[in-house]
Amino acid sequence: MAAVKKKKPSRRAVGKRRIKPVGLALQGGGAHGAFAWGVLDSLLEDGQLSFEGVSATSAGAMNAAVLAHGLLQGGRDGARTALHNFWHDIARSAELYSPFRQLPWAKTSAFALDRSPLHFWTDLWLRVFSPYEFNPLNLNPLRDVLQSHVDFAALRERSPLLLYLCATNVETSKVRIFSSQEICVEVVLASACLPFLFQAVEIEGESYWDGGYVGNPAIYPLIYHCDTRDVVIVHINPIVRRGVPRTAAEILNRMNEVSFNSSLMREMRVIAFVMSLIQSGKVARGELKEVLIHSIRSDETMAGLGVSSKLNTDWDFLCHLRDLGRAQAERWLAATYDDIGVRSSVDVHGDFV
């Protein structure tokens with residue numbers, strides 16, 4: 001597939017501003033991870049930020065692995081191309097294997113799948129049968145896509161980023177953070193293992209589900225292991241959704257959003273508490289790391305997408321999300337660049353506590 005062409009010269013190339021290092025925290029959210037693809041694509045093209053480490057979960061873990069592989073193989077342009085090709089193959093694979101799609105002769109302009117008969121019957125099927133029953137051979141098309149787009153052995157040896165991928169231990173409920181030296185296709189599949197779709201992924205004798213239940217994403221690896229104080233969170237699940245859900249679909253959707261934001265909210269409360277101790281002088285500066293938090297998020301945009309659209313991997317939809325992510329990243333960087341390295345650009349206490 002042809003490489004992604006640049007739409008404009010990067011600011012790095014023209015040397016208008018210095019490059020600032022940040023840590024990235026990539027949320028998961030199924031097909032909505034294409035929004036984060038757009039964010040990454042824009043930041044890579046712009047060139048004003050460098051990525052020291054990435055903590056990621058589920059679809060975010062896929063983005064992180066492909067990003068690292070692309071950077072290793074071809075720098076920023078290589079990473080943009082790698083992400084484009086990966087998501088394109090996700091769409092192609094879904095055309096062959098995924099029941100979560102609109103039938104070609106019954107497509108609508110809406111991206112949600114609520115009106116798709118195929119989605120309706122598949123959803124009912126999954127309420128009765130587990131993946132151990134309907135998929136006893138444990139087939140997973142994501143495995144082939146990931147293996148064809150990521151050289152995991154090379155990443156374990158010389159990843160250009162510090163990688164921290166999150167998964168949930170099924171039996172202990174504990175979070176497991178896999179580092180760059182441990183990364184393999186099983187780790188990424190574990191981080192993205194939705195239990196109603198896939199059998200738990202076994203690694204070193206332990207079974208894992210999607211990391212979103214306990215860390216979506218986990219922030220603390222970036223605090224402990226990165227030199228930069230700046231953490232940029234790329235949000236997929238809207239924190240704020242106005243109005244009380246009334247229908248069964250709306251209720252399930254909001255339950256999903258609250259569940260997959262809960263671990264992040266808890267971590268941010270701890271960060272807000274530590275920041276207040278430092279700023280009030282109760283803890284000496286330098287005794288604890290003062291973290292600067294930034295958010296690339298569009299709650300209004302993501303709240304307009306139904307929960308069923310997280311399973312929609314139609315190429316047109318993925319490109320739509322990519323473009324939304326690119327636009328949001330461009331607006332965010334224009335407004336926030338001067339804050340990076342200086343101050344948090346979000347009200348951590350007001351937004352998360």
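How much space lies in the largest cavity? About 40 Å³. A cavity here is a set of points on a 1 Å grid over the protein atoms alone where a 1.4 Å probe fits but cannot get out; the volume is the space filled by probe spheres set on those points, which are joined across faces, edges and corners. The count comes to one cavity of 30 Å³ or more.

Before moving on: this is a predicted model, where local features need pLDDT of at least 70, side-chain atom pairs count only at pLDDT 80 or more, and totals for chains, interfaces and linings use all residues. Residues are numbered from 1 along each chain as its sequence is written, and side-chain values use heavy atoms, leaving out hydrogens and water.

**Stop 1: the cavity lining.** Select His32, Ile236, Asn237, Pro238, Arg241, Asn253, Glu257, Met302, Leu305, Gly306, Val307 and Lys310, which line the largest cavity (each lining residue has an atom within 4 Å of a point). Colour them by type and you get five nonpolar, four polar and three charged.

**Stop 2: helix α4.** Jump to residues 117-128, helix α4, and pick Val128. Val128 has a relative accessible area of 59%, so it counts as exposed (over 50%; buried is under 20%, partly exposed in between, with a 1.4 Å probe and protein chains only).

**Stop 3: helix α8.** Now select Glu186, in helix α8 (residues 185-191). Its relative accessibility is 24%, so Glu186 is partly exposed.

Notes
1 Å grid on protein atoms, 1.4 Å probe; cavity = no way out; pocket = protein on both sides within 12 Å on 5 of 7 lines; lining within 4 Å. Nonpolar A, V, L, I, M, F, W, Y, C, P; charged D, E, K, R; others polar. Helix = DSSP H or I, 4+ residues; strand = E, 2+ residues; numbered from the N terminus.
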